[in-house]
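Trainee: I am new to this structure. Please walk me through how to read it.

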Amino acid sequence: MPERARVLINRHIVPGETGEGVLAEMRALVDALDSPATFELSIDPPYYPPREIAADHPVVSTFARAFEAETGRAPALTHNQGMADTNYFAADLGIPSIQFGPHGGSYHQANEWVDVPSIGATIRVILRMGVDMLGRGAPAA
């Protein structure tokens with residue numbers, strides 16, 4: 001057994017949770033171990049708090065119109081459980097952001113894949129958003 005070990009746990013949090021709350025949960029888990037080991041728990045940068053954009057925000061409304069015009073149906077709005085550039089745009093730069101892209105799976109893994117026909121539809125939605133924003137003016141923050 002090594003005398004010392006370091007473990008990095010990457011725990012994403014969702015709206016309603018806080019970094020402090022997650023640390024409290026981790027401390028409770030450590031205490032429940034009843035281990036003679038000592039633990040140091042911290043939140044290391046970069047730390048991005050959970051973010052959420054309102055369903056009635058102009059960026060979301062513009063996206064929903066473009067998506068429905070392209071697909072004939074309303075988008076299913078949901079939360080994403082991962083990190084993306086939008087976390088940086090929203091948290092650090094204050095730019096209202098959504099995540100949208102082609103259909104695929106196994107992201108950032110050896111067997112990552114994309115449904116090729118969905119790429120064209122994705123591009124058309126983004127172009128429709130751009131045209132809508134140019135015609136109406138950029139959505140306000």
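Mentor: Start with Leu 127. Leu 127 is exposed, at a relative accessible area of 55%. Exposed means over 50% relative accessible area, buried means under 20%, and partly exposed lies in between (1.4 Å probe, protein chains only).

Trainee: What should I know about the model itself?

Mentor: This is a predicted model: local features need pLDDT of at least 70, side-chain atom pairs count only at pLDDT 80 or more, and totals for chains, interfaces and linings use all residues. Residues are numbered from 1 along each chain as its sequence is written, and side-chain values use heavy atoms, with hydrogens and water left out.

Trainee: Where is Leu 127 found?

Mentor: Leu 127 sits in helix 4. Helices (H or I, at least four residues) and strands (E, at least two) are DSSP runs, numbered from the N terminus.

Trainee: Which residues form a nonpolar patch on the surface?

Mentor: First, the rule. Patches are made of residues with over 30% relative accessible area and no salt bridge; like charges are joined within 9 Å, nonpolar side chains (Val, Leu, Ile, Met, Phe, Trp, Tyr) within 5 Å. Here Val 114, Val 116, Ile 119, Ile 123 and Leu 127 form the patch, with about 430 Å² of accessible area together. Accessible areas come from the Shrake-Rupley method with a 1.4 Å probe; for residues, only the protein chains shown count as cover. Helix 4 (residues 116-136) gives the most to this patch, with four residues.

Trainee: Is Thr 122 buried or exposed?

Mentor: Thr 122 is also placed in helix 4. Thr 122 counts as buried because its relative accessibility is 8%.

Trainee: Which residues is Thr 122 in contact with, leaving aside neighbours within four places in sequence?

Mentor: Contact means heavy atoms within 4.5 Å. On that basis, Thr 122 touches Phe 100, Gly 101 and Pro 102.

Trainee: Now the charged residues. How many salt bridges are there?

Mentor: Side chains of opposite charge can pair when their charged atoms come close. A salt bridge is a side-chain nitrogen of Lys or Arg within 4 Å of a carboxyl oxygen of Asp or Glu. By this rule the count is four. One of them joins Arg 65 and Asp 132, with the closest N and O atoms 2.9 Å apart. That pair links distant parts of the chain: Arg 65 is in helix 2 (residues 58-71), Asp 132 is in helix 4, and they are 67 residues apart. Arg 65 is partly exposed at 34% relative accessibility, while Asp 132 is buried at 15%.

Trainee: What does Arg 124 pair with?

Mentor: Arg 124 meets Glu 70 in a salt bridge (2.8 Å, N to O). Arg 124 lies in helix 4 and Glu 70 in helix 2, so this pair ties together parts 54 residues apart in sequence. Arg 128 also forms a salt bridge with Glu 70, with the closest N and O atoms 3.5 Å apart. Shared partners join Glu 70, Arg 124 and Arg 128 into one network.

Trainee: Last, the whole chain. How many helices and strands does the chain have?

Mentor: The chain has four helices and two strands. From the N terminus on, the order is α-α-α-β-β-α. The radius of gyration is 20 Å, well over the 14 Å that the globule rule gives for 141 residues, so the chain is more spread out than a compact globule. This radius is taken over C-alpha atoms; the rule is 2.2 Å times the number of residues to the power 0.38. The C-alpha trace spans about 65 × 35 × 25 Å along its principal axes. Of the 141 residues, 18% count as buried.
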